[in-house]
Structure formats: C-alpha cells, structure tokens
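Biologist: Please take one part of this model and look at it closely. I would like to know what lies around that part, and then how the rest of the chain is arranged.

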Amino acid sequence: MTAESPRRLPGKRSFAPTGLVRPTGWLIAFACAWFVLLTLAARLTSYPLVLWDETVYLLPTLFGYTPENFTQWHILPHFPIPVFYGLYSLVVGTAPYLAAKTLNSALIAATALPTFLVARRFLPPARAAVFAGCVTAVPFCAYVRLFMPESLYVFGFWWTVWVLLAILPRSTTAAAIAAGIALGVLSLVKPHALALALGSGLFLALRKGPLPERTIAVIGTGVAFLLTRVGVGYALSGTIELSLTGPTYAENLVGGRPELTTIASYTAGHVASVVLLVGMPLAVVVVALLRGARSSASRGNALDDLLLLAPCLLVALLGMTVYFSCSIHLLNPVSEPDTRLHGRYYVFVLPLVMLAYVALLQSERLVSARALFDTVGLVAWGGVTLGASVLVAVRYPGGHIDYPDLAVLRLGRTGPLAVVVALGVVLAIGFWRRNTGERGRTWRHLVPLAWWAGVAVVTTAAILAAPLVGKMAPTPVDRAMESDLMRALRGRDDGLVIGSAATAVDTYRVMFHLASRSGGRLVDPGVPVDRQALAGRVRWLILLPGVSYAGPGTRTLVEPLTHVALP
C-alpha cells in the first residue's frame with residue numbers, strides 16, 4: 001500500500017470524479033482562496049493578543065537566540081526553538097508582525113497537502129479532499145493572527161503523521177526512526193512535541209507485530225528524537241541543549257505534588273471538552289479498536305494503524321496538558337486556576353480522530369459499533385454531549401486563545417442552550433431517516449460528523465470575524481505605543497520598560513511594540529526606581545502605571561505610560 005493508493009474495501013465502488021476538475025484541483029483552489037481569506041482576517045489586528053507568548057517568540061526571531069540578548073531582555077524566558085526562529089527570521093522585514101501573519105496563513109493553507117495525503121490512504125479522492133479542506137478550516141486556524149509557532153507546528157504534525165503511516169507498511173523500524181527524526185525537528189518548533197513522541201512510542205508498542213520488532217521501533221523513535229533535537233538544535237543555535245523541553249519548561253515542570261482535586265479538575269475539564277467535540281466518533285473508534293484487538297491476525301492493516309494512532313496521540317497529549325497545567329498552577333494558582341483549559345496543546349489531533357471515524361464509515365468494521373447508532377445510543381450521545389456542555393460552560397470559562405474550538409460552545413450560559421438547539425437539529429435529521437433501511441442507518445452515522453463540522457464552521461467564522469464586531473480592540477497601551485514619541489523609540493536598544501506584577505502583561509506588550517533589545521523589569525508596587533539601579537547604557541525609561549522613578553529625567557505622560565528621558 002502506498003500514500004497514493006488507498007486501501008480498496010470489498011464491495012465498495014470507486015468514487016472517481018466524473019467532472020472536468022479533479023478533487024485535487026478543487027482542493028488547491030480552496031487552499032489558495034483560504035490563504036487569502038486568512039491573511040485578510042489576520043490583518044484586522046495589528047497589535048499583540050497573547051502578550052507574554054508573542055513577545056517571547058518575536059524578539060528572538062528578530063535579534064537571535066543568544067545568551068547576551070536574553071540577559072539584556074532580562075524578563076524573557078528561554079525557549080530553544082531555533083527552527084521556528086530561523087524560518088520566521090527569513091520573512092520578517094519592516095513589518096515583522098504582518099509578515100508572520102502572512103506566513104502563518106500560508107502554512108495553514110498548505111496543511112491541506114499533508115492532510116490530503118494522509119486521508120487519501122483511507123478515503124476516495126473526493127472525500128479526502130473534503131477532509132483536507134475541513135482540517136485547514138477548523139478553529140485552530142485562528143492562530144494565524146498571532147506571532148506564535150502554532151501554524152508551523154500543526155503543519156509539521158500532519159507531515160509527521162503522513163511519514164509514519166506511509167513508511168509503516170514497508171518497515172516498522174524505518175517508520176519509527178523517520179517519525180522520531182520528524183518529531184525531533186518539530187520539538188524545535190514547539191517543545192510540546194515531546195508528547196507526540198511519547199504518543200508515537202505508545203502506538204508502536206501497542207500495534208500488532210513481533211515483540212522484538214516493536215521494542216526496537218520504540219527505542220528507535222526515542223533515540224532518533226533525542227539525537228535530532230540535539231543535533232539540529234546545535235547546528236542552528238550553536239548550543240547543545242540536552243533538556244527535552246528547554247530550561248524554561250524544565251523549571252516550570254519541577255515543583256511540588258499537585259492536589260488530587262487539582263488533577264481531577266483539569267482531567268474532568270479536558271475529558272468533557274473532548275466528549276463535547278468528538279465524543280461519539282471517539283467512542284466508535286475505541287470500540288472498533290478493541291474488537292479488532294481480539295482478532296487472530298498477527299499484523300494489522302492500515303486502518304488498524306489509524307484506529308490505534310489517533311487515540312494514542314490524544315491520550316499522550318491530554319496527559320502532557322494535565323501535567324503541564326498542574327505544574328503551572330502550583331507556581332501561580334491565582335493567574336493559573338484549575339479551571340483554565342489549555343486545549344490548544346491537543347485540539348489539533350481531533351481531526352485525526354474524525355478521519356479514523358470516516359474511514360470506519362466505509363468499512364465493514366463499523367458493524368462492531370453499530371449498536372451505538374440505534375435510538376438509545378443516539379439519545380445517550382445527545383445527553384452526554386449536553387452534560388459535557390453544561391460542565392464546560394459553567395465551570396471552565398475561557399477565551400478562544402486557550403481553546404479555540406470551544407469559543408462558541410462556552411459563551412456563558414447561552415452555550416448549553418445553543419448545544420440543545422444544534423443537537424436537536426442533527427438528531428431530528430437522524431431520526432427522520434431512521435425507518436429507511438440501510439440509507440437511514442447511513443444518515444445516523446453522519447450525525448456526529450455533521451455535529452463536528454457544524455461546530456467547527458460556526459466557531460471559525462465567529463473567531464475570524466470577531467474584530468469586525470468590536471472584539472479584540474486595541475488597548476490604551478496599544479494606542480499609547482502608536483504615538484509619535486513612542487514610535488520614535490522602536491528598534492532602539494538603550495531603553496528599559498519597568499512594570500510591576502500587576503502590570504506584567506502590559507510590560508510585555510510595550511516590549512513587543514518596541515521590537516528592540518531594550519530590556520524589561522518587574523518591580524514591587526510602590527517601591528520607587530532609583531537611577532543608581534539602572535545600567536549605565538540606559539538612556540530612557542517607559543514606566544507602567546503604579547511604577548515611580550526617583551531619579552532625574554524629563555518626564556512625558558503618554559496615557560497610561562510615562563516616558564522618562566534620562567540625562
């Protein structure tokens with residue numbers, strides 16, 4: 001089996017298009033149009049939205065990931081992601097933020113290619129093209145407006161999945177090593193790729209095959225991941241980084257033991273969110289996987305691999321997310337409550353679950369989970385989904401940055417009401433066709449698919465259009481940084497931005513706008529800053545509200561900021 005030749009299932013007809021334009025042509029046209037639309041939507045905001053993160057990624061991209069720069073910036077953490085820094089440094093120019101948005105949009109649109117190649121292994125061309133188009137349009141695409149590695153990360157993720165599935169039929173060991181290399185490079189885009197490596201190792205350990213072969217594959221993945229991460233990182237940055245996550249994450253993840261209630265809160269929130277979005281398809285995949293595990297076959301086929309890979313990656317990513325969230329909560333329980341869900345760390349793998357589900361729809365293997373689609377099963381799914389919606393909306397409020405797919409479903413108390421209406425519609429369609437034999441059964445199979453696609457379309461449209469209805473508006477600090485005085489300071493390296501714990505977010509915001517090597521400091525509120533405490537090279541200050549300066553200098557108020565020109 002190859003990536004270009006999907007598995008032909010017994011009794012299934014070819015879905016080759018009869019029109020003049022092949023599915024790949026329609027997909028390319030959609031991807032180009034989607035790139036233009038994403039670029040225009042991203043340009044509706046010209047100011048940072050995720051302040052700490054975007055500043056952390058922007059400044060090393062502009063000036064390099066070097067110890068000297070981080071010493072001067074002082075408050076910026078170290079993220080060893082030289083692949084991201086190196087790629088984005090090639091496109092930034094006089095307008096780095098807009099250039100990055102354009103590159104983000106191109107990467108999301110280009111994700112249609114690897115997703116199509118993955119889907120083509122299991123689906124006819126037309127359905128594979130539709131699936132690839134849907135993946136590029138899920139709410140995760142909203143990250144194109146941010147100076148963050150998410151767009152490059154999801155682009156690399158789908159290529160990694162394709163590499164793994166394409167090589168597996170030829171050699172398990174070669175596939176494991178190739179996946180380890182790809183994930184090692186991906187960890188230099190975002191350290192969270194470590195969880196993908198663990199999930200891939202779990203998949204290789206559990207799939208059918210001789211135990212020695214599986215053992216070698218797991219070891220090969222880990223060794224290839226580590227060697228690639230260290231080797232490529234050294235080639236790009238000149239430093240040897242042996243940590244699997246980087247120094248900043250290593251510091252955050254080393255702490256005390258979280259309370260069981262904290263672990264339970266995060267776990268319940270993430271499980272409820274997954275159930276709300278892809279509960280029924282995931283249940284069908286798991287049931288089919290467990291039934292297939294009982295077969296006497298010594299090796300599985302491509303569908304078996306997909307059914308196992310999707311939940312393995314999801315479980316590993318969920319585990320990493322809960323562990324990471326608990327660690328951050330221990331450091332700062334006020335700003336990181338146990339009701340904050342960082343869904344962006346795993347939500348990009350949910351379409352892989354949907355692909356496994358769609359692949360099952362045209363397979364005789366779906367018979368093993370057919371009971372889930374009778375009247376009791378569909379009603380139970382509706383009830384569980386509604387319950388998950390209420391739990392998420394009531395206990396786990398949040399914005400689209402942390403969990404884009406839930407942006408519409410947890411709009412206060414109206415979220416569960418919208419779920420009731422939407423579930424009523426899709427279930428009514430399913431029950432309307434329930435007495436029409438095989439055709440009616442097919443309609444019921446499409447109910448969970450319609451739910452996922454409908455939520456994705458509505459949510460993506462709402463997030464991308466938010467600036468048009470007054471959302472994501474610039475803050476007073478954004479407007480102050482557009483003044484002539486502040487614009488004249490951009491790119492200068494002889495300044496210092498001083499804030500307090502209460503204004504830390506805006507301290508990073510100012511540093512983002514300055515786009516320079518000028519450093520930042522966080523001081524105790526009410527304690528005046530003395531001139532003697534400043535480095536000799538500092539020629540000017542920007543003070544956030546609540547920070548006072550006790551030394552000489554010419555003060556200029558640019559509400560809410562204060563500029564101090566030092567003598």
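Modeller: A residue is called buried under 20% relative accessible area, exposed over 50% and partly exposed in between, with a 1.4 Å probe and protein chains only. The model is predicted, so local features need pLDDT of at least 70 and side-chain atom pairs pLDDT 80 or more, while totals for chains, interfaces and linings use all residues. Residues are numbered from 1 along each chain as its sequence is written, and side-chain values use heavy atoms, without hydrogens or water.

Of its 9 residues, 8 are buried, so α6 is largely enclosed by the rest of the structure. The buried residues are A112, P114, T115, F116, L117, V118, A119 and R120. They pack against five helices: α1 (23–42), α5 (96–110), α7, α8 and α15. Contact here means heavy atoms within 4.5 Å.

Begin with α5. The axes of α5 and α6 come within 5 Å and cross at roughly 15 degrees. Axes are lines fitted to C-alpha atoms, for helices over the stretch in contact, and angles run from 0 to 180 degrees between N-to-C directions. The crossing angle makes α5 roughly parallel to α6, where under 35 degrees is roughly parallel, over 145 roughly antiparallel, 65 to 115 roughly perpendicular and the rest oblique. On the α5 side the contact uses I108, A109 and A110, and these meet A112, L113 and P114 of α6. By class, the contact of α5 with α6 has 6 nonpolar residues, no polar and no charged. The nonpolar class is Ala, Val, Leu, Ile, Met, Phe, Trp, Tyr, Cys and Pro, the charged class Asp, Glu, Lys and Arg, and the others, Gly among them, are polar.

The loop between α5 and α6 holds T111. With 2% relative accessibility, T111 also counts as buried. Beyond its neighbours within four places in sequence, T111 is in contact with T136, V154, F155 and W158.

A cavity is a set of points on a 1 Å grid over the protein atoms alone where a 1.4 Å probe fits but cannot get out, and lining residues have an atom within 4 Å of a point. The largest cavity has a volume of about 130 Å³, volume being the space filled by probe spheres set on the points, which are joined across faces, edges and corners. Two or more lining residues come from each of α7 (125–136), α8 (150–167) and α15 (350–361). Those three helices are also among the ones that the buried residues of α6 pack against. The model has 5 cavities of 30 Å³ or more.

Helix α9 (residues 172–186) and helix α10 (residues 193–206) have axes that come within 9 Å and cross at roughly 170 degrees. The two are therefore roughly antiparallel to each other. From α9 the contact takes T172, A176, L183 and L186, and from α10 it takes A193, L196, A197, S200 and L204. These residues divide into 7 nonpolar, 2 polar and no charged.

V189 sits in the loop between α9 and α10. It counts as buried, at 2% relative accessibility. Leaving aside neighbours within four places in sequence, V189 has contacts with I81, V83, F84, P149, L152 and Y153. The C-alpha atoms of V189 and M148 are 9.7 Å apart, although 41 residues separate the two along the chain.

H74, in the loop between α3 (67–73) and α4 (82–89), has a positive phi of about 70 degrees although it is not a glycine. H74 is partly exposed, with a relative accessible area of 46%. P560, in the loop between β4 (554–558) and β5 (561–565), is joined to E559 by a cis peptide bond with omega about 5 degrees. Most residues other than glycine have a negative phi, and most peptide bonds are trans.

As for the whole protein, it has 21 helices and 5 strands. Of its 567 residues, 54% count as buried. Among contacts between residues at least 6 apart in sequence, 76% join residues at least 24 apart.

Conventions
Helices (H or I, at least four residues) and strands (E, at least two) are DSSP runs, numbered from the N terminus. On a 1 Å grid over the protein atoms alone, a cavity is a set of points where a 1.4 Å probe fits but cannot get out, and a pocket is an open set with protein on both sides within 12 Å along at least five of seven lines; lining residues have an atom within 4 Å of a point.
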